[in-house]
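Trainee: I am new to this structure and would like to understand the terms used for it. May we go through them one by one?

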Amino acid sequence: MNRPGFSILHCDPETRTVQLVRKSVVDNKNYKGGKKTHGQRLAENAQELRSYMDSDMELVFVRERGFHKHAAETEVIFKMVGVADLYAWHYQKVFEEIPPTVIKQVLTENQKATKEEVAEALEHYVGKQDYAFDDESDSVAVGICWLIQHGYLDRYEKEN
């Protein structure tokens with residue numbers, strides 16, 4: 001099951017540390033308490049995203065380029081991605097897209113790393129976390145990768 005995930009990270013470039021403030025996924029499936037239409041789910045997710053865009057937080061909008069093996073799931077993901085892209089443009093936020101192989105390479109030194117290996121590598125940056133879905137850890141990985149690529153964090157080097 002693939003859900004678009006998002007995370008909010010607070011980086012202190014002076015100490016070169018990062019704190020995971022929030023992690024979540026955009027639920028494409030039925031909600032507890034009853035089924036909502038696709039439009040209702042998109043509107044709720046868009047409202048949450050807009051609340052972050054409206055805040056005084058300094059935001060950089062980064063997302064993983066992603067697909068799913070099932071066309072219907074890819075369509076759902078891209079609908080939410082479209083909403084996110086619209087808000088990033090509307091609020092004039094910095095926007096970047098990072099391919100999964102780049103994220104894996106930066107965090108694990110292996111372009112073919114598993115989702116578990118990526119989540120494990122994140123512990124060096126945000127400590128041990130419980131991720132409800134691998135999509136949550138994926139979203140944190142995207143942010144950490146961007147911070148490393150732009151010189152805000154140092155890349156963790158494994159001891160040999």
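Trainee: Leaving aside neighbours within four places in sequence, which residues is I144 in contact with?

Mentor: This is a predicted model, in which local features need pLDDT of at least 70, side-chain atom pairs count only at pLDDT 80 or more, and totals for chains, interfaces and linings use all residues. Residues are numbered from 1 along each chain as its sequence is written, and side-chain values use heavy atoms, with hydrogens and water left out. With those neighbours set aside, I144 is in contact (heavy atoms within 4.5 Å) with L9, V18, L107, L122, Y125, V126 and L153.

Trainee: Why is E136 called buried?

Mentor: Buried means under 20% relative accessible area, exposed over 50%, and partly exposed in between, using a 1.4 Å probe and protein chains only. E136 has a relative accessible area of 8%, so E136 is buried. Its contacts beyond four places in sequence are K23, S24, V25, D130 and Y131.

Trainee: What makes the rings of W146 and Y152 a stacked pair?

Mentor: Rings of Phe, Tyr and Trp (its six-membered ring) pair if their centres lie within 6.5 Å; planes under 30 degrees apart count as stacked, over 60 as edge-to-face and the rest as tilted. By this rule there is one aromatic pair. The ring centres of W146 and Y152 are 5.7 Å apart and their planes lie at 15°, so the pair is stacked.

Trainee: Are W146 and Y152 buried or partly exposed?

Mentor: W146 counts as buried because its relative accessibility is 8%. Y152 has a relative accessible area of 34% and is therefore partly exposed.
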